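Hi,

Here is the structure I promised to pass on.

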Amino acid sequence: MKISFANLTLPKTGVAVVGVLDGNVLSNSAKALDKATKGGLKRAIRASRFKGSRGHSLTLLAPGGTKYERLLLVGLGKPGEITPKRMQAVGGLIYAALSTKGHGTVQVLMDSIDKCKMKPTDMAAELAFGAVLRSYRFDKYRTKEKAHDKPTLKAINILCKNSAAARKAYAPMGKVADGVFMTRNLVSEPANVIYPETLAKQAQGLSKLGVKVEVLSEAQMRKLGMGALLGVAQGSVRSPKMVIMQWTGNPKKKKEAPIAFVGKGVTFDTGGISIKPSGGMEDMKWDMAGSGVVIGLMKALAGRKAKVNVVGVVGLVENMPSGSAQRPGDVVTSMSGQTIEVINTDAEGRLVLADALWYTKERFKPKFMVNLATLTGAIIVCLGHEKAGLFSNNDLLANRLFKAGEDVGEGLWRMPLADVYDKMINCDVADMKNVGDGRGAGSTTAAQFLKRYVGKTPWAHLDIAGVTWSAKDAPTVPKGGTAFGVRLLDRLVADHYEK
Ligand code: BES
Ligand code: MN
Ligand code: ZN
């Protein structure tokens, strides 16, 4: 979708969108439209139940005596309660209300609002960001969709005072949206299209933005001793890859430790020999979402030229049952030297991450590591599809992540780590086993497993199994792949690591 900004004048034709505050207090542009329609706006408001509340809207079609095709009034709620997140939701709502109505372009009129803490230029930028985020659609394989079901809206022009400042505020947001879209594309693609080799190719495309990208082959990983990751991959005809992406946005600090993001990239998770039931197994195409988020995040950071030195590492494998597949009871040796008895071949994500985390820690000695993984079904039992699980050995990092999540609307909830849980993965045969005792605390025992591969590095693990794919539309996230994590980690970086 095309976003443009121009200075505020009252359009006389086409589609115009104006804000209305709580209690039907008209913004200046809404007043001007009311005049242009000879009181049509106020009449429409009186004839409806519209109150200017947040999330509500009212449409006037082709008001008589004017050349407007459509006027859309959007509720902004109380001026003092307007926040960036809420302006994004307004943008998303505008997109959803207008995308399939036959219009190619619409004009949004953004006034300054009394008693509002936000500048109109920032409100304009956030609204644009929200509209773009909502406009995502994965339809490349739908060859027979009827034309009248397809979106027509191609451009939103936002009119506000000092449009140059709005354009400037929006520029980095547009780059973050590019990263979000890349992640959504990667998780939406089926596993016959996105597998380790093709996912690595996608990551290599970031070199155009100045990201240094290396791809480790199976032979190289074998040399490094990544027996945990390779054990998962051995049942598949697709050879595993590890991708290392480096963005050096602050060359002056090149000698200092970078920050690091690590992703689980299981391009399809059948469960292996501990095979999953067939119902819903197609969802396991997005078991690479952790790596999809790391790749999209690198795109966002490089795209907006973030002043930070960051490393992204993703471990890419396919988990399949076959004659060469790993068996329950097999013992593997991870790169760290620690041995693992593989009790359940479906607890594969932690095996992949064990080597990816250890490799990242050893090679880069980062300031901190955050890993993302669709790691456990148990986190969905805990938190549903509303928040992701946050596990960390470092309160400062955990608190910063929590705050960033609240600010962008990607909620996290802190979950426990403790020695009593760590004990549950002790094992008689090897240094540890890859599942806990019994069924309790499944997300925490998985996190305890990862913790054994991070040493003393400040670290956080985000279990995104419940939030990666959405069954219903939300204001800035259409149903499907959410890219949960890209905006959150971009915000973490922007707030704390770009000085
Ligand atoms: N990829 C799954 C977790 C998952 C489940 C993600 C549902 C999204 C939706 C993971 O590899 C897995 O299979 N975990 C097992 C672990 C168990 C065998 C200890 C699980 O959660 O059942
Ligand atoms: Mn699994
Ligand atoms: Zn998995």
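To start with something to look for: what covers the buried residues of H6? Keep in mind that this is a predicted model. Helix H6 spans residues 196-204, and its buried residues are Pro196, Thr198, Leu199, Ala200 and Ala203. The cover over them includes helix H5 (163-188) and helix H9, along with strands S8 (212-216), S9 (241-248), S10 and S11 (309-319).

**The two metals**

Let me take the zinc ion (ligand 3) to begin with. Its protein donors are Lys264 (NZ), Asp269 (OD), Asp287 (OD) and Glu348 (OE), at 2.0 to 2.4 Å. The site of this zinc ion is octahedral, with angles of 78 to 174° among its six donor atoms. Along the chain, the donor residues of the zinc ion follow the pattern K-x4-D-x17-D-x60-E. Lys264 sits in strand S10 (residues 259-269), whereas Asp287 is in the loop between S10 and helix H9 (289-303), so this pair ties together parts 23 residues apart in sequence. Lys264 and Asp287 are both buried.

Now the manganese ion (ligand 2). Asp269 (OD), Asp346 (O), Asp346 (OD) and Glu348 (OE) coordinate it, at 2.0 to 2.2 Å. The manganese site comes out as irregular, with angles of 71 to 166° among its six donor atoms. The spacing of the manganese donors is D-x76-D-x1-E. Here too, distant parts of the chain are linked: Asp269 belongs to strand S10, and Asp346 to the loop between strand S13 (339-341) and helix H10 (349-364), 77 residues apart.

And how far apart are the manganese ion and the zinc ion? The answer is 3.2 Å, with Asp269 coordinating both. Asp269 itself has a relative accessibility of 2%, so it counts as buried.

The chain splits into domain 1 (2-163) and domain 2 (176-496). Taken over C-alpha atoms, the centres of the two domains are 38 Å apart. Domain 1 puts 15 residues into the contact and domain 2 puts in 21. Between them the domains bury about 1400 Å², and 61% of that is on carbon and sulfur atoms.

Two salt bridges are counted between domain 1 and domain 2.

**Other salt bridges**

Over the whole structure, the search finds 23 salt bridges. One of the pairs is Lys140 with Glu189, at 2.5 Å, N to O. Lys140 is in the loop between helix H4 (120-134) and strand S7 (155-160), and Glu189 is in the loop between H5 and H6, which puts the partners 49 residues apart. Is Glu189 buried or exposed? With a relative accessibility of 8%, Glu189 counts as buried.

Helix H12 has residues in two further pairs. Glu406 forms a salt bridge with Lys387 (3.8 Å, N to O). Lys387 lies in the loop between helix H11 (378-383) and strand S15 (388-392), and Glu406 in helix H12 (residues 395-408), so the bridge ties together parts 19 residues apart in sequence. Lys387 is partly exposed, with a relative accessible area of 28%, and Glu406 is partly exposed as well, at 31%.

The other pair is Asp407 and Arg491, again at 3.8 Å, N to O. Asp407 is in helix H12 and Arg491 in helix H15 (residues 486-496), 84 residues apart. Both ends are partly exposed: Asp407 has a relative accessible area of 27%, and Arg491 has 26%. Finally, Arg137, Asp139, Arg142 and Glu145 are joined into one network by salt bridges that share partners.

Cheers

Terms used:
Residues numbered from 1 in each chain as written. Chains lettered and ligands numbered in written order. Predicted model: local features only at pLDDT ≥ 70, side-chain atom pairs only at ≥ 80, totals over all residues. Heavy atoms only, no water. Donors = N, O, S within 2.8 Å, 3.2 Å for Na, K, Ca; no water. Tetrahedral: all angles 85-135°; square planar, octahedral: opposite > 155°, others 65-115°. Helix = DSSP H or I, 4+ residues; strand = E, 2+ residues; numbered from the N terminus. Buried < 20%, exposed > 50% of the residue type's maximum accessible area, 1.4 Å probe, protein only. Domains from an automatic or database assignment. Contact = heavy atoms within 4.5 Å. Buried area = accessible area lost by both parts, 1.4 Å probe. Salt bridge = Lys/Arg side-chain N within 4 Å of Asp/Glu carboxyl O.
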